Amino acid sequence: MAYLIKVWDLPTRLFHWALVLLMLGAVLSVLVFENMVWHANCGYALAALWLFRLLWGVVGGHWSRFAQMLFTWRQYLNYLRQPSSWTLPGHNPLGSLSVFAMLLFIGLQIVSGMASDDDAGFSGPLAALLSNTWVAKATLYHAEIGKWVLLFLVALHLLAITYHERIHQRRLVKPMFNGFQWQPLEAPASQDRWRHRLLGLLVCAVCALMVYLGLQLAQGFTWQ
Ligand code: HEM
Ligand code: HEM
């Protein structure tokens, strides 16, 4: 007997695939097309998306909440000893750690980018507010450290998913598209009605507005 459970609500799924596209956009725009305006625009959209995920971790569907992604030491140890015995939907203990790490380093990449200067006429909106030493430090982190950390985390993410799909025959990618996951035991489903989705849209709009106002504020300070 297996149960089909709604694990990822629509806002979480849209968040994930928008994150993938915008990360790709941020990397291609600077490394392939050398277009810093598009690079920055991808970065600002990522900033709104990042804020959205933080809030969605509090008010989102059951399995998207950060409360479901915190585990005890015993649960980490049990999972490490026998990953195949994990029967709950959502992120497993190691998966949760990798999600927190990705969110942390994506956040650092966004903030350091906003304080970076490419020495070719483009600088992030926070650069004018900081001393040259801090801009140099932020640029070094952004261009030489953060990008490699993120590349490593994304590679690990894809390897882990391939491992679960191939070795444990656990379907993870399809649920990130349609939201549903087969589970061996009954478990609560994530809310995903239209009212809940509208809340997601509202939270997303508030986050976009916060980024927009933040950028206006930073520019205002630059003019003084
Ligand atoms: C730039 C590349 C990527 C980044 C930064 C990224 C980041 C993330 C993040 C932050 C989550 C947590 C989702 C949440 O709880 O809100 C996640 C989950 C997930 N991602 Fe990605 N992802 C990337 C690429 C991909 C790709 C290409 C695939 C598919 C092949 C994929 C498949 C998944 C799956 C299946 C999950 C759910 C894992 C689980 O069930 O625990 N990701 N990803
Ligand atoms: C998660 C979002 C971001 C990612 C993944 C990202 C990634 C990158 C990458 C891969 C580079 C090229 C480094 C190299 O030369 O090898 C770069 C450079 C740069 N990025 Fe970002 N970036 C992000 C956000 C931002 C934001 C929001 C801004 C500013 C608005 C920004 C400003 C810059 C600048 C000024 C450079 C040039 C640094 C230099 O020439 O040394 N980035 N970024």
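Predicted model: local features only at pLDDT ≥ 70, side-chain atom pairs only at ≥ 80, totals over all residues.
## Ligand 1: nearest residues

The shell around ligand 1 holds 19 residues. H16, R53, H91, H157 and L172 come nearest.

An N or O atom in the side chain of H16 is 2.7 Å from a nitrogen atom of ligand 1. For H157, the side-chain N or O atom is 2.8 Å from a nitrogen atom of the ligand. R53 faces an oxygen atom instead: a polar atom of its side chain lies 2.5 Å from an oxygen of ligand 1.

## Ligand 1: shell make-up

α1, α4, α5 and α6 (173-178) each give two or more residues to this shell. The largest share comes from α1, with seven residues. By class, the shell around ligand 1 has 14 nonpolar, four polar and one charged residues.

## Ligand 2: nearest residues

Ligand 2 is surrounded by 21 residues. The closest are M36, H39, G113, H142 and K147.

H39 places a polar side-chain atom 2.7 Å from a nitrogen atom of ligand 2. H142 has a polar side-chain atom 2.8 Å from a nitrogen atom of the ligand.

## Ligand 2: shell make-up

Helices α1 (10-31), α2 (36-59), α4 (93-114) and α5 (132-166) each supply at least two residues of the ligand 2 shell. α2 gives the most, with six residues. The shell divides into 12 nonpolar, seven polar and two charged residues.

Terms used: Residues numbered from 1 in each chain as written. Chains lettered and ligands numbered in written order. Heavy atoms only, no water. Near = heavy atom within 4 Å. Polar contact = N/O pair within 3.5 Å; in protein donor to acceptor, adjacent residues only side chain to side chain. Helix = DSSP H or I, 4+ residues; strand = E, 2+ residues; numbered from the N terminus. Nonpolar A, V, L, I, M, F, W, Y, C, P; charged D, E, K, R; others polar.
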